[in-house]
Amino acid sequence: MSFNLKNIRLKIMFYSIFGKIGDNFSKIKIPNQNHIKKIIIFFPIDEDSFRVSLYSFRKFNFYNTDVSYYFVINKKFENLINLTGPNIFYVNYNKNRMKWCDISDRDNIINQESVDIVIDLNKELYFDLAKFINQLNSGLKIGFKTMYSDYFYNIQIDVGEDGIIENGFNKIQKILVSS
């Protein structure tokens, strides 16, 4: 077992004992489209997955007037996207650490009354990001299935044995369209 895996296991055990990581309820009530107002999407940290996510979501309608989408993107990829707006937040990731470029952005997201859906598009578990998502007041937290994803997400997408992440992104889009 690698040192990072042991380190993550110890951190999860520590935070769960002291109540820093809350339990995700197994009952899921997916709201209909009339009730969804805010969705936060955390884009992948690594460049290859980020490019695949941009490609997968290229035809998705993020300009729905009833739903506010908030995008959290790695600062390294700022030049790869052609989006501007108040709902785009940038973060730096250094050695499994997550640092917001503007601390008011982090406070803005945390202080939201409630977020209807939180989506983590990272195929691997990044502990600081997962811990931050766990702090958010949301009934639906969607992420990819990993060894420790049960602690952080109540809907987990399994990409299967083939490991093609684009299939997972397509599943997430279907959830967003149907809800």
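I took contact to mean heavy atoms within 4.5 Å. The model I worked from is predicted.

**Overall make-up**

I listed five helices and seven strands in the chain. Following the sequence, I read their pattern as α-β-α-β-β-β-α-β-α-β-β-α. For burial, I noted that 44% of the 179 residues count as buried. I put the accessible surface of the chain at about 10600 Å², with 49% of it belonging to carbon and sulfur atoms.

**The sheet**

I traced the strand order next and wrote it down as β4-β3-β2-β1-β5-β6-β7, an open sheet of seven strands with mixed pairing. At the edges I found β4 (97-100) and β7 (155-157); each has a single partner strand, so one side of each is left without a neighbour in the sheet. On average, I have neighbouring strands turned by 20° against each other, direction ignored.

I then went through some pairings. Strands β1 (residues 38-42) and β2 (residues 68-74) run parallel and are joined by five bridges. Within β2, I found Phe 71 standing opposite Ile 41. The pairing of β2 with β3 is also in the parallel sense, over four bridges, and here I noted Val 91 in β3 as the bridge partner of Asn 74.

I checked the cover of β3 (residues 88-94) and found five of its seven residues buried. On to β4: β3 and β4 run antiparallel and share four bridges. Arg 97 in β4 is the bridge partner of Asn 94. I recorded the two strands as a hairpin with two residues between them, and in the turn Lys 95 has a positive phi of about 45°.

**The nonpolar cores**

I looked up the largest nonpolar core, which has 30 residues; Ile 39, Ile 41, Ile 73, Ile 119 and Ile 172 touch the most other members. The elements I listed as giving two or more residues to this core are β1, β2, β3, β5 (115-120), β6 (138-144), β7 and α5 (165-178). Helix α5 gives the largest share, five residues.

Setting aside its neighbours within four places in sequence, I found Ile 73 in contact with Phe 43, Phe 50, Ile 81, Ile 88, Phe 89, Tyr 90 and Val 91. Another core lies apart from the largest one and has 27 residues, including Val 91, Ile 133, Leu 136 and Tyr 148. As a general remark, nonpolar side chains in soluble globular proteins tend to be buried together.

**Aromatic pairs**

I counted 13 aromatic pairs in the structure. Phe 57 and Phe 169 make a tilted one, 6.1 Å centre to centre with 50° between the planes. I placed Phe 57 in the loop between α2 (47-56) and β2, and Phe 169 in helix α5, 112 residues apart, so I logged the pair as linking distant parts of the chain.

I checked the cover of both rings. Phe 57 has 4% relative accessibility and counts as buried because the limit is under 20%. Phe 169 is buried too, at 0%.

I found both Tyr 69 and Phe 71 buried. Last, I followed the ring pairs onward and found that they link Phe 43, Phe 50, Phe 57, Phe 60, Tyr 69, Phe 71, Phe 77, Phe 144 and Phe 169 into a cluster.

Key:
Residues numbered from 1 in each chain as written. Predicted model: local features only at pLDDT ≥ 70, side-chain atom pairs only at ≥ 80, totals over all residues. Heavy atoms only, no water. Pairing = 2+ DSSP bridges. Axes fitted to C-alpha atoms, helices over the stretch in contact; angles between N-to-C directions. Buried < 20%, exposed > 50% of the residue type's maximum accessible area, 1.4 Å probe, protein only. Core = buried A, V, L, I, M, F, W, Y, C linked by side-chain atoms within 4.5 Å. Areas by Shrake-Rupley, 256 points an atom, 1.4 Å probe, with all protein chains shown as cover. Phe/Tyr/Trp six-rings, centres within 6.5 Å; stacked < 30°, edge-to-face > 60°.
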